Amino acid sequence: MPVLSSGTGLHEVLALLTAQLRPDANLKEEISFLTEVFSEKSFNSLMKIHEKLRHFDRHTPSPTLYSAATLVHELSEELQNGPMGNDVSELLQLLAKPHVKVGATIRMDEQTSAVVVARIMRGGAADRSGLVHVGDELREVNGITVENKSPEEISQILAQCQGSITLKIIPALKEEDRLKESKVYMRALFDYDPSKDKAIPCKEAGLPFRKLNILQVVSRDDAVWWQAKRVGNTNLRAGLIPSKQFEERRFKHRRAMALEQQQEMKQTQCKDTLNAFKDCDCDGYFNGLHVAGLRRSFRLSRKERRVNQSEAKMSEPEELLEVPTYEEVTRYHRRPTEYHRLVVLVGSLGAKINEMKQKLIAENPNRYCVAVPSTTRQKKVHEREGVEYHFLSKLTFEAEIQSNRFVEHGEYNNNLYGITVDSIRTIQLKKKICLVDAQPQTIKNLRTPEFKPYVIFIKPFIQEMRTAPSADETPEEKMARIATEEEQREMIQTAEDIEHRYGHLIDRILVKGELQTACNELKHTLDNIEKETLWVPVSWVRS
């Protein structure tokens, strides 16, 4: 058997094997067949082609010049100035192909409809740059957006480009990175529009979202810009969002600037917050149910309300010191052995949520109930301990305040009123759904793993109308019209203020129109809380 060198080709090996074959009585036909096949001219030609291709694959030629785009442009001009034959026309068409300029081909992604890089030409501009990869999404060509354009339209844009070509792309998520994707989910507590964010490195790569959207954060490697997807969005590609730390810094900076401007203005001193309960309609029941809760009375004069609202904005309440950016959440479904989630009802001016609450409980007394409040006032003849109120001494009431037993408390007519943690627990032990009518600032006191509150904000349906005064309008009619318009504006303003300041703590907004319709909608919402899997803070379900 002859010695074979490392450079010996496959066709040469086969030829040597053929020469070594010896006739044998038992294998005569098989050897004859092999000899015939190995000696076939076409077979040897195929082997030679195979060897050439393997050699080319191992020793891919590198470009002689690296200014390929310029060279193509110059060559095209030379060819156009000369005689135009069939070969010249074909060469010009080849040189005009976009992938010759860029060194890559593109295609439309079937799932996302995005235009992505399908292939990188080895040795081309894209390959040499090392910045373009298969799967990258193409967004712009020389400043021209390619969104909603077909690959053919983009090819025409590329073909018309002269000189250098600038591409704006979004890097593809590599398979190994996909396997490392974070399973962290965040509830957005603010609205975000990347097109208006001057700090984002690439606006097109940003992910817009609205307050309360659920985001899957797939990468937090960058301390400033996270990568995330919106849960429920069919687009599989992640986008950039500001990180929690970065957004908190920006929020605090904007707030500091706003406070600095406010301090330059002349404002009156803030009133004591206890005066907020001065005209609170706390004393009243309907069929044994707490009517008004601890809500600020809307009987304050309009002038007083305007002053109070202005002072509240200037005093920067404690809840605004918190920075609403993201809250880590997880899916939760109540198990039969668990207590019902606490339902917190928050109403704006004119919502009259007490009549909704009373109607709901009257129709479903075995399912819903309210927490019995505590008070320091004297018991009336018709009242029963633990039914209308828990009657406490002032000393006991104040001691429970110091022990943080109240989720909400206030003063009215020199008497203290409040709702204790134990009063809520009593309802839960009865396997009923506890309804709490609370001030918006009370929500954060109730957001505990024990209660897992579902917060519903109820605001009145208001169709603001501005009627032109009639020619025969009396002074009384004019005053009534102006009062109605002003009251409408105040209702709208208070609802907007609550949504702006506490919207990140609200799970559902219910616009109250006709009473029965609103009650049906509320009941439907409460039924869904029990049936559906909902997003809750991670801290509520992790021990």
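Guide: Happy to! Let's begin with I214, which counts as buried because its relative accessibility is 11%; buried means under 20% relative accessible area, exposed means over 50%, and partly exposed lies in between, all with a 1.4 Å probe and protein chains only. Before going on, please note that this is a predicted model, in which local features need pLDDT of at least 70 and side-chain atom pairs count only at pLDDT 80 or more, while totals for chains, interfaces and linings use all residues. Residues are numbered from 1 along each chain as its sequence is written, and side-chain values use heavy atoms, with hydrogens and water left out.

I214 belongs to strand 7, which covers residues 214-219. Helices (H or I, at least four residues) and strands (E, at least two) are DSSP runs, numbered from the N terminus. If we set aside neighbours within four places in sequence, the contacts of I214 are Y185, M186, R187, K229, R230, V231, V329 and W535; contact means heavy atoms within 4.5 Å. I214 and E327 are 113 residues apart along the chain, yet 9.5 Å separates their C-alpha atoms.

Now for some rings. F190, Y192, F209, W226 and Y326 are linked into a cluster by ring pairs. Rings of Phe, Tyr and Trp (its six-membered ring) pair if their centres lie within 6.5 Å; planes under 30 degrees apart count as stacked, over 60 as edge-to-face and the rest as tilted. W226 also has the charged end of R220 over its ring, 5.7 Å from the centre. For a charge to sit over a ring, NZ of Lys or CZ of Arg must be within 6 Å of the ring centre and within 35 degrees of the ring normal.

The structure holds eleven aromatic pairs. One of them joins Y389 and F391, a tilted pair with 5.9 Å from centre to centre and 55 degrees between the planes. Y389 is buried at 0% relative accessibility, and F391 is buried at 18%. F397 and F406 make a stacked pair, because their ring centres are 4.3 Å apart and their planes are at 25 degrees. F397 is buried with a relative accessible area of 0%, and F406 is buried with 10%.

Residues from both of these pairs meet S374: leaving out residues up to four places away in sequence, S374 touches Y389, H390, L392, F397, F406, L416, Y417, G418 and T420. S374 lies in strand 15, residues 374-375, and is buried, at 2% relative accessibility.
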